[in-house]
Amino acid sequence: MPNILIADDHDLVLDTIAAYLETVDGFTVFTATNVQDAMEKMRGLDAIDLLILDYNMPGMNGLNGLEQARKAFPAVKVALMSGVASREVATSAMANGAHGFIPKSLTAASMVNAIQFVLSGERYFPFDFGSNEENSKPNSAFADLSDREMQTLEQLSIGLSNKEIARNLGVQEVTIKLHVKNVFAKLGVSNRTQAALLAKENQLF
C-alpha cells in the first residue's frame, strides 16, 4: 500500500487533495504545511513512497527544498506540485532529480494517474505544460499518424490491450503491435501510459 506525504501551505488545497486521494484504493496519505514540517514528518514515518512538495510554500526557496528532500531521503520518490510555476521551473526540477511535476490544474483523475505513474517507477512531466503559444498548439507529431495508427492510439488510450484492439479493428494482433510501435516512435514516447497521456492532454479523444 503506497504511502504519500503531501506538503502544501494552503490548507484548503491540501485537505481537498488529501481527502480525494484517501478515497483511492491503496493510498495512505499524510500531510505537512511547509518544508520543515515535511522533513520532520518524513523522519518520523516509515516507508514513505512518494513526497509531493508544493513549489511555492515556505522553505522551498526555489528548488532548494527539492534538493534538500532528495539528499535527505534518496530512496524516496519526490515530485513537485504547483499552480503557477513555469515550464522552465518544471524542466529544471526534473533535471535536478524530481520524479514528477504535477500541475494543480490537472483533474482529480489525472492527478491520480500522475501519482500512480510516478509510483510505478516512471517520471511524470505533462507534455503540454505551459501556457505559451507554442505549447498551446496540438502536438504536430499526431499529423504523422496514419488513420489506423490514430485508431490504435484511441483504443489504447482507454486501456484496451493489443488483443482487444485487434479484435475491435478486425486485424491480427501482430499488426496492432506494429501500429503501437510506430505510434510510440512518431510521438516520441516509450510506453502506453505516456502515449495515452499525450493524446488526452492534446484533447484528441
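Contact here means that heavy atoms lie within 4.5 Å, and helices (H or I, at least four residues) are DSSP runs numbered from the N terminus. The model is a predicted one, in which local features need pLDDT of at least 70 and side-chain atom pairs count only at pLDDT 80 or more, while totals for chains, interfaces and linings use all residues. Residues are numbered from 1 along each chain as its sequence is written, and side-chain values use heavy atoms, with hydrogens and water left out.

Two helix pairs are set out below, with axes taken as lines fitted to C-alpha atoms over the stretch in contact and angles running from 0 to 180 degrees between N-to-C directions.

| Helix pair | Axes | Angle |
|---|---|---|
| Helix 1 (residues 11–22) and helix 5 (residues 108–119) | within 11 Å | roughly 70° |
| Helix 7 and helix 10 | 9 Å apart | about 100° |

Helix 1 is thus roughly perpendicular to helix 5, and helix 7 is likewise roughly perpendicular to helix 10; the term covers angles of 65 to 115 degrees, whereas those under 35 count as roughly parallel, those over 145 as roughly antiparallel and the rest as oblique.

From helix 1, I17, Y20 and L21 meet A108, A109, M111, V112 and I115 of helix 5. The residues of this contact comprise eight nonpolar, no polar and no charged, where Ala, Val, Leu, Ile, Met, Phe, Trp, Tyr, Cys and Pro count as nonpolar, Asp, Glu, Lys and Arg as charged, and the others, Gly among them, as polar. In the second pair, L153, L156 and S157 of helix 7 meet R192, A195, A196 and A199 of helix 10, a contact with five nonpolar, one polar and one charged residues.

Helix 5, helix 7 (147–157) and helix 10 (192–201) each supply at least two residues of the lining of the largest pocket, and the largest share, five residues, comes from helix 10. The lining as a whole divides into six nonpolar, four polar and two charged residues.

Helix 7 also holds Q155, which is buried, with a relative accessible area of 15% (buried means under 20%, exposed over 50% and partly exposed in between, with a 1.4 Å probe and protein chains only). Leaving aside neighbours within four places in sequence, Q155 is in contact with L160, I165, N168 and L169.
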